[in-house]
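Reader: I have just opened this structure. Could you help me learn to read it?

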Amino acid sequence: MKITHPRLTTSLHEGTDIQTVLEKNDEDLTEYSFKNIRIEKVKKRNFSVQSCIFNNCSFVACSIQKSQFSDVVFKNCDLSNVDLTGCGFHRVAFTGCKLMGTNMADGILNHISFEECRGEYMNLSMSKMRYIQFTRSNLQGAGIEGCQLTNVTFDACNLMEAELYRTSLKGIDLSNSEISGIRITNLANNELRGSSVSSLQALDLVRMLGVEIKD
């Protein structure tokens with residue numbers, strides 16, 4: 001599966017005081033590059049971020065709800081516990097980012113890559129996700145409830161204790177990811193129907209039925 005990567009303009013504005021820009025009520029963020037900065041206590045709604053790069057940036061106590069992120073790169077950024085509820089993400093790359101407890105619930109995600117990210121307990125519940133690649137990322141305890149997944153891949157990820165209630169995994173290969181203790185309604189409720197797992201993972205899933213396996 002191929003996803004479309006962020007489409008960035010060749011010339012991005014640098015050295016801008018992002019805090020000042022974000023605190024303006026009438027200005028969106030378009031064609032900027034930010035590096036090694038700390039962004040604190042920003043609260044925005046119906047905001048637009050387009051064609052931007054964030055490199056080694058920290059977002060602290062921020063809430064950016066019902067906003068749009070298009071053609072954006074986050075590299076080695078810390079977005080832990082940021083509230084991104086109801087946001088739309090289109091052609092966005094997260095590489096080496098911290099997303100622990102980040103709330104991306106009720107979002108729309110299209111052509112997104114998560115590579116080598118820490119996303120323990122991040123919340124993606126009730127989101128619509130199309131063309132998404134999770135690669136070597138830690139999603140332990142993540143909330144992926146009630147999601148619509150279309151062309152989504154998990155490659156060498158940690159999904160231990162992830163909550164997958166009412167999310168169909170049909171067509172998704174989980175065989176090289178860690179899925180111990182995943183939380184689903186029950187094995188008969190079809191969350192895992194049509195997915196691919198390894199033989200060892202199948203044994204763990206059988207144990208979820210309360211079946212005792214004897215040699």
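Predicted model: local features only at pLDDT ≥ 70, side-chain atom pairs only at ≥ 80, totals over all residues.

Reader: How do I read strand pairing, and in which sense do E5 and strand E8 pair?

Author: Strands are DSSP runs (E, at least two residues) numbered from the N terminus, and two of them pair if DSSP finds at least two bridges between them. Here E5 and strand E8 (residues 68-75) pair in the parallel sense over seven bridges, with Ser-48 opposite Gln-68 in E8.

Reader: What pairs with E5 over three bridges?

Author: That is strand E2 (residues 33-35), also in the parallel sense; Phe-34 has Phe-54 in E5 as its bridge partner. Strand E1 (residues 29-30) pairs with E5 (residues 48-55) over two bridges, again parallel, and Leu-29 stands opposite Val-49.

Reader: How many aromatic pairs does a search of the whole structure find?

Author: Rings of Phe, Tyr and Trp (its six-membered ring) pair if their centres lie within 6.5 Å; planes under 30 degrees apart count as stacked, over 60 as edge-to-face and the rest as tilted. The search finds 12 aromatic pairs. The centres of Tyr-32 and Phe-34 are 5.5 Å apart and their planes are at 20°, so this pair is stacked.

Reader: Are Tyr-32 and Phe-34 buried or exposed?

Author: Both are buried, meaning under 20% relative accessible area, while exposed is over 50% and partly exposed in between (1.4 Å probe, protein chains only). Ring pairs also link them into a cluster with others, including Phe-54 and Phe-154.

Notes. Residues numbered from 1 in each chain as written. Heavy atoms only, no water. Helix = DSSP H or I, 4+ residues; strand = E, 2+ residues; numbered from the N terminus.
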